[in-house]
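Hi,

Here is the structure I said I would pass on.

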Amino acid sequence: MTSAPEFQSAEEISLVPRRRIQTRAQMRKTFGSDHLTGLADSIRSLRAEGGGISGTGILQPLTGHWETGAVRANGSIKPTAKVILDIGESRYLATELAGFGPDDVLPVVIKDHAPGIANLSQLIENIHRADVNPLETAQALSVYARENKLSMRALATQIGKPLHWVQPHLDLLRADPYALEILNNDPESVTIVQRISRVENEELRRLMVDLKLAGNAFRSFRELSKWQELPEKLQNELIKRTRAQLQETPEINWSQFWPVLRRLIAEAGMIQIMPQNNSDWQPLPDSFNEWAQKNSQNAPEKTVHTVSN
């Protein structure tokens with residue numbers, strides 16, 4: 001066990017016993033077990049060799065601030081005062097896996113900042129780490145913006161991210177809880193979750209989530225979302241057919257399956273016309289075969305969705 005010296009001045013590295021470090025409501029509530037195990041192995045190995053800061057096995061100090069009331073009027077620190085951890089929770093948790101006891105010390109830079117600044121430092125650090133759950137990031141962004149009365153643009157500026165990154169993350173707070181399951185498998189799918197959550201038909205939303213979880217590409221979902229414009233009975237039939245196909249083949253061969261769905265739409269007397277980036281469902285003007293034959297020379301396949309066997 002390494003003994004703890006007296007605490008040093010605020011901007012210097014202090015060696016603080018683990019029992020006097022307190023984690024708070026951190027934004028990172030989930031840590032990958034592989035990440036922590038690997039970090040613990042590294043700390044344990046360095047510590048055995050006497051490496052790291054003051055032989056602790058930790059290369060980068062943690063950052064924290066004194067709890068409220070820790071500093072006496074004369075500037076001395078109360079003997080039972082705790083350091084509230086701002087940055088470095090994964091390192092703190094890894095030391096427990098590495099065999100540190102409550103009296104073993106960790107290197108900490110103890111700062112004297114306002115809570116908002118501490119949260120910003122923590123927020124920026126965690127945003128740029130791969131093991132942060134996007135929903136937790138969204139919650140932290142929302143809390144920080146509310147506490148500091150920031151507009152979305154001001155928030156983006158402070159954290160160094162563009163608006164088109166901030167908006168989808170904040171939208172996660174209003175996302176369909178079922179759609180959020182996608183983030184457990186693919187944390188990079190924030191925009192996909194945002195778009196699926198905008199679909200009003202609950203059964204269609206759930207189908208889209210299940211398709212994504214089964215490994216289907218998102219490019220198929222744009223057309224699926226347009227089913228909302230169809231009559232309810234036809235929507236239900238399309239969803240039913242797609243679910244049956246999903247159960248049979250989780251990763252659907254869409255080049256073969258789309259014609260099946262489009263025939264159902266055509267048989268119901270509807271056709272999808274897609275001029276440029278817009279899409280409107282219109283009644284089928286003639287019998288489908290006559291219409292398709294009449295327009296086959298004038299419309300490229302990519303702009304007119306037709307039915308084929």
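Strand 2 (residues 21-22) pairs with strand 4 in the parallel sense over two bridges, and glutamine 22 has isoleucine 84 as its bridge partner in strand 4. Strands pair here if DSSP finds at least two bridges between them; helices (H or I, at least four residues) and strands (E, at least two) are DSSP runs, numbered from the N terminus.

A caveat: this is a predicted model, where local features need pLDDT of at least 70 and side-chain atom pairs count only at pLDDT 80 or more, while totals for chains, interfaces and linings use all residues. Residues are numbered from 1 along each chain as its sequence is written, and side-chain values use heavy atoms, with hydrogens and water left out.

Strand 3 (residues 62-66) runs antiparallel to strand 4, with four bridges joining them; threonine 63 stands opposite isoleucine 87. Five of the five residues in strand 4 (83-87) are buried, that is, under 20% relative accessible area with a 1.4 Å probe, protein chains only.

On to the helices. The axes (lines fitted to C-alpha atoms over the stretch in contact, with angles from 0 to 180 degrees between N-to-C directions) of helix 8 (residues 190-197) and helix 9 (residues 202-213) come within 9 Å and cross at roughly 155°. That makes the two roughly antiparallel, the label for angles over 145 degrees. Ile192, Ile196 and Ser197 in helix 8 meet Arg205, Met208, Val209 and Lys212 in helix 9, contact being heavy atoms within 4.5 Å.

Cheers

How values were computed:
Buried < 20%, exposed > 50% of the residue type's maximum accessible area, 1.4 Å probe, protein only. Parallel < 35°, antiparallel > 145°, perpendicular 65-115°, else oblique.
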